Structures are given as structure tokens and as C-alpha cells.
Amino acid sequence: MAQRLWKAGNAAATWMYRRTGGKVGGRARGGSSVLLLTVAGRRSGKPHTVPVAYVERDGAYYLAATAGGQPKEPQWVRNLRAASTATIEVGRERKTVSVEVLRGADSDAAWKDVIVATYPSFAPYEAKSGRRIAVARLTPTA
């Protein structure tokens with residue numbers, strides 16, 4: 001039941017974001033910027049779109065798979081691990097991006113120096129979730 005509600009909430013947020021060009025839904029509670037991520041499902045191959053907080057740095061978009069501190073990581077990061085490309089929408093602008101889910105020291109540095117440095121309120125999510133938070137770097141292809 002909770003998963004159905006979560007999906008319905010994401011669908012409504014996606015609709016509103018697109019309808020308003022990100023004026024509604026372009027910021028999360030706490031002030032973080034939000035984009036729409038569309039990535040193929042790792043099993044189904046069907047495109048899935050979800051709103052995700054991001055940090056833009058040096059022409060790339062960094063996404064942290066916090067899931068609000070939940071123990072399970074979000075499906076979108078699992079799908080990104082299986083994808084080489086995805087699509088993002090920032091406001092009304094749509095971009096194809098190459099996907100890299102960072103590992104090891106690169107992931108640690110991006111978490112600390114990009115995500116937490118920009119949004120200090122994200123810092124407690126690792127302890128709260130009991131897992132290492134995955135960080136993806138999405139780079140526009142054109």
C-alpha cells in the first residue's frame with residue numbers, strides 16, 4: 001500500500017512539475033532543487049520518471065539516493081546502475097545525460113564535497129538509513 005501511495009505521489013508531482021515548468025515542485029522541502037529523472041527500468045525497460053533533488057556542479061548533475069533516510073535505496077538509483085543514459089528535465093529544459101553511479105573515493109568525495117556541502121540537511125541520512133548513500137553523476141551528452 002505504501003509503495004502505491006509513493007508512486008501516486010511521484011506521478012502527481014511529475015505532472016505538476018511539467019505543467020508549471022518546475023515552478024511548482026522545483027524545490028523540495030528544505031530548499032533543495034529538484035529535477036525530473038527518466039530512466040529505463042532495469043528489468044522492464046519501460047521509462048520511469050521521478051522527481052529527484054540535485055546539485056549542479058561543473059556542468060554535471062549530482063543526485064544522492066537518500067530516499068529520505070529510508071533503509072532501502074530508491075529504485076531509480078538501481079535503474080541508473082543498469083543504464084548508460086537517461087533523460088532529465090530541469091524546469092522546461094530536457095537533456096539526455098550519460099550516467100555514472102560513483103564508487104569508492106569518488107562517491108565519498110561527491111557526497112561530502114558536493115551534496116552535503118550544498119545541502120547540510122542531507123548529512124544525517126547515512127546514519128538514519130544505516131547504509132552508504134549512492135551518488136550519481138549525470139553529464140549532458142550534447
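A residue is called buried under 20% relative accessible area, exposed over 50%, and partly exposed in between, with a 1.4 Å probe and protein chains only. Asp 58 is therefore exposed, as its relative accessible area is 78%. This is a predicted model, in which local features need pLDDT of at least 70, side-chain atom pairs count only at pLDDT 80 or more, and totals for chains, interfaces and linings use all residues. Residues are numbered from 1 along each chain as its sequence is written, and side-chain values use heavy atoms, leaving out hydrogens and water.

Asp 58 sits in the loop between strand 3 and strand 4; helices (H or I, at least four residues) and strands (E, at least two) are DSSP runs, numbered from the N terminus. The phi of Asp 58 is positive, near 50°. Ala 67, in the loop between strand 4 and helix 2 (75–81), likewise is not a glycine and has a positive phi of about 50°. Most residues other than glycine have a negative phi. At 24% relative accessibility, Ala 67 counts as partly exposed.

The sheet is open, with seven strands in the order 2-1-5-6-7-4-3 and antiparallel pairing, where two strands pair if DSSP finds at least two bridges between them. Strand 2 (47–53) and strand 3 are at the edges with a single partner strand each, so one side of each has no neighbour in the sheet. On average, neighbouring strands are turned by 35° against each other, direction ignored. Seven bridges hold the antiparallel pairing of strand 1 and strand 2, and Leu 35 stands opposite Val 52 in strand 2.

Ser 33 is buried, because its relative accessible area is 13%. Its side chain makes a polar contact of 2.8 Å with that of Arg 27; such a contact is a pair of N or O atoms within 3.5 Å, and within protein one must be able to donate a hydrogen and the other to accept it, while residues adjacent in sequence count only if both atoms are side-chain atoms. Beyond four places in sequence, the residues in contact with Ser 33 (heavy atoms within 4.5 Å) include Val 52, Tyr 54 and Tyr 119.

Helix 3 has buried residues including Ala 110, Trp 111 and Val 114. Among the elements covering the buried residues of helix 3 are strand 4 (60–64) and helix 4 (125–129).

Notes
Axes are lines fitted to C-alpha atoms, for helices over the stretch in contact, and angles run from 0 to 180 degrees between N-to-C directions.
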